[in-house]
Amino acid sequence: MRATNKPASRRRRKKILERAKGFWGMRGNTLRQAKDHVAKALQYSYRDRRTKKREFRRLWIARINAAARLNGTTYSKLISALRKKQVEINRKMLADLAVNNPDAFSDIVKFAFS
């Protein structure tokens, strides 16, 4: 009789099927299908961790620009003025202020151009 090391084999297969949990159709419960789709999902997750950073930066810039225009300036002029004043505030915080605390954002704009 051939030794197959069943416990290790089962663990390996189980690990793949657990990662495929929730996948559509046979992709989630058949080892052969799950293997391919888990590998592809891992590629996407690796790629999209980087893409997410770009997407959020774009969102923050759009929000800052919209709020800056309400205050009579543009995004690029505001960022330039903040740099000249040596204000170290990142885009994430600026965007958060623009959305949740427009008065504080207006104060920052006034300070940048004063």
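**Exercise 1. Determine whether phenylalanine 56 is buried, partly exposed or exposed, and describe the aromatic pair of the structure.**

Step 1. Phenylalanine 56 has a relative accessibility of 40% and therefore counts as partly exposed, given that buried means under 20% relative accessible area, exposed over 50% and partly exposed in between, with a 1.4 Å probe and protein chains only. This is a predicted model, in which local features need pLDDT of at least 70 and side-chain atom pairs count only at pLDDT 80 or more, while totals for chains, interfaces and linings use all residues. Residues are numbered from 1 along each chain as its sequence is written, and side-chain values use heavy atoms, with hydrogens and water left out.

Step 2. The structure holds one aromatic pair, where rings of Phe, Tyr and Trp (its six-membered ring) pair if their centres lie within 6.5 Å, and planes under 30 degrees apart count as stacked, over 60 as edge-to-face and the rest as tilted. The ring centres of phenylalanine 56 and tryptophan 60 are 5.9 Å apart and their planes stand at 35°, so the pair is tilted.

Step 3. Phenylalanine 56 and tryptophan 60 are four residues apart in helix α2, and are therefore separated by about one helical turn; helices (H or I, at least four residues) and strands (E, at least two) are DSSP runs, numbered from the N terminus. Tryptophan 60, at 21% relative accessibility, is partly exposed.

**Exercise 2. Work out which residues of α3 are buried and how they are placed around the helix.**

Step 1. The residues Tyr75, Leu78, Ile79, Ala81 and Leu82 of α3 are buried. Viewed down the axis of α3, these buried residues fall within an arc of 160°, so they line one face of the helix; the arc is that of the directions from the helix axis to the C-beta atoms.

Step 2. On the face turned away from the buried side, α3 carries the exposed residues Ser76, Lys77, Arg83 and Lys84. The cover over the buried residues of α3 includes α2, α4 and α5.

**Exercise 3. Identify the elements that contribute to the largest nonpolar core, and trace the contacts of isoleucine 64.**

Step 1. The largest nonpolar core has 15 residues, and those with the most contacts inside it are Ile64, Leu78, Leu82, Leu94, Phe105 and Ala112; such a core is a set of buried Ala, Val, Leu, Ile, Met, Phe, Trp, Tyr and Cys residues joined through side-chain atoms within 4.5 Å. Two or more residues of this core come from each of α2 (31-70), α3 (75-84), α4 (91-100) and α5 (102-113), and the largest share, five residues, comes from α3.

Step 2. Not counting residues up to four places away in sequence, isoleucine 64 touches Tyr75, Leu78, Arg91, Leu94, Ala95 and Phe105, contact meaning heavy atoms within 4.5 Å.
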